[in-house]
Amino acid sequence: MTTPQTREEPVTVRVFTQRFSSTPRGARLARRLALLQLDRWGIPHGATVSDTAALLVAELAANAVTHGRVPGRDFELSLSYTPGLLLRVDVTDTRTEGRPRLAPALPLAETGRGLLLVEALATRWAVLERVPVGKTVRAELDLT
């Protein structure tokens, strides 16, 4: 007796990775190139997923530049897209100490709300160790 064959659709994961200078200009460029790449992958500008990803990239890149900066070292943006399933945003810097954590912002403070935005927008997020040095902040969006 033969086993019936089932057809499975191939899963293609698209990946974009780029290093940027640890400056405000580098953070802006990361957000702009992320939007351009998403558009190339079929997620148009102005779509909810595109807008959400832009906010996540902007916040994580700004945090890498502000809190994770090591002079002379870049930060890295990586996007991983599995159509119809998942969009992952990874921002990696080379500073090991001062790990990001979710904390309530003071009512009149002008800063300190970035990870609250990440928490609200992402399906899940985490801080991962980077070998040999540094950390990666990962935010994921479920697309199902």
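1. Surface. The accessible surface of the chain comes to about 9,200 Å², computed by the Shrake-Rupley method with a 1.4 Å probe. Carbon and sulfur atoms account for 54% of that surface. Buried residues make up 35% of the 144 residues; buried means under 20% relative accessible area, exposed over 50%, and partly exposed in between, with a 1.4 Å probe and protein chains only.

2. Basis. This is a predicted model, where local features need pLDDT of at least 70, side-chain atom pairs count only at pLDDT 80 or more, and totals for chains, interfaces and linings use all residues. Residues are numbered from 1 along each chain as its sequence is written, and side-chain values use heavy atoms, with hydrogens and water left out.

3. Layout. The chain has three helices and five strands. Their order along the sequence is β-α-α-β-β-α-β-β. These elements are DSSP runs numbered from the N terminus: helices are H or I of at least four residues, strands are E of at least two. Take the contacts between residues at least 6 apart in sequence: 64% join residues at least 24 apart. Contact here means heavy atoms within 4.5 Å.

4. Strand β5. Six of the eight residues of β5 are buried, so this strand is largely enclosed by the rest of the structure. Strand β3 (residues 86-93) runs antiparallel to β5, joined by eight bridges. Two strands count as paired if DSSP finds at least two bridges between them. D93 has K135 in β5 as its bridge partner.

5. The β4-β5 hairpin. β4 also pairs with β5 in the antiparallel sense, over six bridges. V127 is bridged to V137 in β5. The two strands form a hairpin with five residues between them. G134, in the turn, has a positive phi of about 110°.

6. Helix α3. In this helix (residues 114-121), G114, L115 and V118 are buried. They cover an arc of only 90° around the axis, which puts them on the same side of α3; the arc is that of the directions from the helix axis to the C-beta atoms. The cover over the buried residues of α3 includes α2 (48-67), β4 (124-129) and β5 (135-142).

7. R14. This residue lies in strand β1 (residues 14-20). R14 is partly exposed, with a relative accessible area of 31%. Leaving aside residues up to four places away in sequence, R14 touches W41, L79, S80, Y81 and P83. R14 and W41 are 27 residues apart in sequence and 8.0 Å apart in space, C-alpha to C-alpha.
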